[in-house]
Amino acid sequence: MIPAPFDYEVAESVEHAVELLGGREDAKLLAGGHSLLPVLRLRFARPALLVDIGRIEALSYVRDAGDRIAIGALTRHHDVVGAALLQEHCPLVPYAAGLIGDPQVRHRGTIGGSLAHGDPAGDLPAVLLALDGEVDVVGPEGTRTIAAAELFRGPFETALGPQEVMTEVRVPKLTGDHGWSYLKFRRRSMDWATVGVVAVVKGNGSIEEAAVGLVSMGATPLRARATEQALLAGESDPAALADDGTDPPSDTNGSAEYRRHLVRVLVRRALEEARPG
Amino acid sequence: MMVAPIELEIGEAIGAPVERKEDHKLLVGQAQWVDNMRVPGMAYMAVVRSPYAHARITRVDVAPALAHADVVAAYSAADLQEEWAGSLPCAWLPTEDTKAPPHLPLAADKARYVGDGVAVVVASSRAAAEDAAELVEVEYEPLPAIVDPEAALAEGAPLVHDELGTNRCYTWRLDAGEVDALFDEAEVIVRGRFRQNRLIPTAIEPRAVLVQPLPANGEFTMWSTTQVPHIARVTLSGVLGIPEAKLRVIAPDVGGGFGSKLNVYAEEALALGLARRLGRAIKWTEGRSEGYLATIHGRDQWQEIELAANADGKISAVRARVVAAMGAYLQLVTPGIPLLGAWLYAGAYDVQGYSFECTGVFTHTTPTDAYRGAGRPEATYAIERAVDALAAKLGKDPVEVRRLNFIREFPNAIAAGLTIDSGDYDAGLDLALGTAGYKELRTEQAERRAKGDPKRLGIGLSTYVEMCGLAPSKILGAIRYSAGGWDTATIRCLPTGTVQVLTGVSPHGQGHETTWSQIAADLLGYDVDEIEVLHGDTAVVPLGMDTYGSRSLAVGGVALYFAAERIVAKARLIAAHKLGVEPSQVDYVRGRFTGPEDSIALKDIALAAWTAHDLPDGVEPGLEASFVYDPPNFSWPSGAHLAVVEVDTETGNVEVLRYIAVDDVGTVVNPLIVDGQIHGGIAQGIAQALFEEAVYDDDGNLLTGNMVSYLVPSAPDLPSYELDRTETPSPTNPLGVKGVGETGAIASPAAVINAVCDALAADGVTDIQMPATPERVWRALEEAKR
């Protein structure tokens, strides 16, 4: 398949990208292209203009930002996987990034692209949500910060405005009292998750904090709030509540009913794996 | 002059693990793919396809496409009507009353599946052609569709072809022995009903075609991604009304087919018709998603099988009934595909009664046709699943029931009516069980169960026999297949010490160039590198029947052997003349003729035959020989496959932990290539068992229309295979070869599903439909709990 015709501009800087986005209706940002190009080739999307930000090298980094790790939005998944700072302080992120697609995808796809695409079946959106991370976006009015809980609005829909560019992703440093797990259930190694479960649990003996993020269980990445509360309250089978408040899709990889069952199994296993100490 | 052949010894090049000669050009990007080819004046074609599975076409307006600046031409079906001298070919109508509705390259009145072509656009670039195809205005009146072949047989089902008054294409029967009496006497009867999931072949290279006309001479050259350049020439000359001698078909490097390119397609006819009408070269390349609609699918059958047995588990009779989807039209061999398994529903087992019936049914789906194994994986699956069901019913080990029933006398005239050439089924099973450590596996299985491990272990067997070679021609005629089962080889010993081998079988990834070189080098005493194998061009090799059904080596390779005999026979006359002795005094061993006193190399004879300065009287100059070989029988590979799986009873996930395959494919010419064929076949069989399924919704929309949703597995999803083999040469040909292209795909679905059901037997699960997706496994367990 060949995409429908489009114009193409290379952004030299974030400001330039913002300016280019403002110049045309129906302009789209192109970074690694691993979400956008397939839909262009199938002609599911027909943007008038592609603004290529893939060459803005200043947006590719992993830095220590005090109690957080800051990741440039154009950092490739492959570089996230190999980032020593993340391996030390938040190994959940490189672990999940290492399960995205296949090596070719991970060498092109970017963390900002994955988050801005807002795919409820994506790995990193649920990870960011469970970590209570945040992102910086730059638009005509300057920079603003969006918390993960505010970022995802609907399927393939985020809080970013049409002229905004994501520049940085920040995740908290985990401590020795943290345990984590990411279980990605999929038919083939390269597939999106049929269901994915992120668990981040803090505690030393008793559980002080618990976050459970869900992939492919609704229109956006979700938190399994009922499970989290049951866990903090010390209830006996918090995983049984994992599908509360979800609205899973039915497709050729599994019906909604099966996904509801699966998420309960996976949350139980993820919590066992994440239990600190 | 005709000379008597002399029998040749097989030496060391046959059986050697020679690295593939084909690989270097593939690895360095110098292969010649149709899509990379450019010729002067070339324009690009795009096909406008129906988004409806069943719709009346009420209006087609190509004018908006013609208004596109880069468009050369655009046509509706009506505009092109006069290009066609006949329908697209179907070469196998199994019964006299088989219904073969017209099938023109574009649909005029009705669209009958999503992807049915309704108009065509030609532009100066591929991108422009695809853009302009969207501009063609087609008005459809959607109609109800039917996608399940059993439902399509029901009274009142929407008709795919109104004029037929039914969706039934044919019913074909084979009855042998007193089947009903044997069932009446049976102490045990087991029944199975199985679904053969619809599969999409997914060759790595999508289809492409390029036609260059020479209008002044009325000649056409067509490069096509085809398995069957010769069959394409014969049939397309009829579709287009082009004299066969004016049409040259070339299959350059072709990136896989698995049967999907064993066909003659609308796009080939369209490219020829447009090249003729416009007087310029036309090219078309299929998109991957387009191919999932427009290239044939495989399988899509419902099967019912019954075994009659005594209380020990000795099977006396088999009764099988198949309902097979044809799709919307008959492609090249659509109706015959399920019949390629018609003789195999008793598998490797000795039975007295045999009954098989198949009904082909039209549905509003992409046509089905040959996909790796074609009929034989289906038959193998049914009998191997049923034998396991029999063992379960009797509380016996599946190994024991198999051993009780194996055919052990060869050649064996089986109840179904054909004769199995050779085999040793116990030997293969022994090797497989030994490699697997069968007893230890059963112990581990019991231990896991005892400790309540939610991850169960399952062990599954498939002791298969299959038939390939598709010959002799007179049998093909008797089952109403339109072509012959022969093939050709020509050997041309060039004067300067190298050899051209021409073969009528047309490879598309199998490594014929290496294998044929080994055979010729071995028999004629050359180095493998001194042999060049030419193929896939009707101007270079005018006669051939091409590559499908694991036939290339068993037919074309044997033709090469006999051509070599003719070379040696002629060369011996010249050698004797040179040595000054009688031909009967000259011995031949691998490239050298030895007389009582002196000897001379075949290479020197090649030069002498070319200069022709001193040939014996009556001997023609040149050293070249051809042979057309029509085998006396099918060839019958067999083997024992064993899968070890782990089934997660909480998620339903199945993982293949180990896969052991012991195959008997007769003489092995190149073990590397044979192993590669088996690897690929097993991968596709595991794919059928666990991953792949073309799913249509009730309106006939393909829900798995791309490689995101149609799950072709890749290396991380599959185990490393443990291969071994036994070798019982086929007695029907001098090389002893049988065929290997499909064995893996034939044996493995049954082994995997037997293993999955074995894992869950104690949980009360008796069957899981393919592919055994996590959800299907979970549902089967839930069902068993009730």
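User: In chain A of this predicted model, what share of the contacts with a separation of 6 or more comes from residues 24 or more positions apart?

Analyst: The model is predicted. A contact here joins heavy atoms within 4.5 Å. Among the contacts of chain A with a separation of 6 or more, the share from residues 24 or more positions apart is 59%.

User: What is the radius of gyration of chain A?

Analyst: Chain A has 277 residues, and a compact globule with that number would have a radius near 19 Å. The value for chain A agrees with this expectation, so its radius of gyration is 19 Å.

User: What percentage of the residues of chain A count as buried?

Analyst: A residue counts as buried when its relative accessible area is under 20%. Applied to the 277 residues of chain A, this gives a buried share of 56%.

User: How many residues does chain A give to the contact with chain B?

Analyst: Both chains take part in this contact, and chain B gives 32 residues. The area buried between the two chains is about 2,400 Å². The number of residues from chain A is 27.

User: Which residue of chain B meets A:Arg269 in a salt bridge?

Analyst: Between chain B and chain A there are seven salt bridges. In one of them, a nitrogen of the A:Arg269 side chain lies 2.8 Å from an oxygen of its partner. That partner is B:Asp648.

User: Which helices of chain B give two or more residues to the side that touches chain A?

Analyst: By class, this side of chain B has 14 nonpolar, nine polar and nine charged residues. The elements giving two or more residues are helix H4 (126–133), helix H18 (671–691) and helix H20 (774–785).

Notes:
Residues numbered from 1 in each chain as written. Chains lettered and ligands numbered in written order. Predicted model: local features only at pLDDT ≥ 70, side-chain atom pairs only at ≥ 80, totals over all residues. Heavy atoms only, no water. Buried area = accessible area lost by both parts, 1.4 Å probe. Salt bridge = Lys/Arg side-chain N within 4 Å of Asp/Glu carboxyl O. Helix = DSSP H or I, 4+ residues; strand = E, 2+ residues; numbered from the N terminus. Nonpolar A, V, L, I, M, F, W, Y, C, P; charged D, E, K, R; others polar. Rg over C-alpha atoms; globule rule 2.2 N^0.38 Å. Buried < 20%, exposed > 50% of the residue type's maximum accessible area, 1.4 Å probe, protein only.
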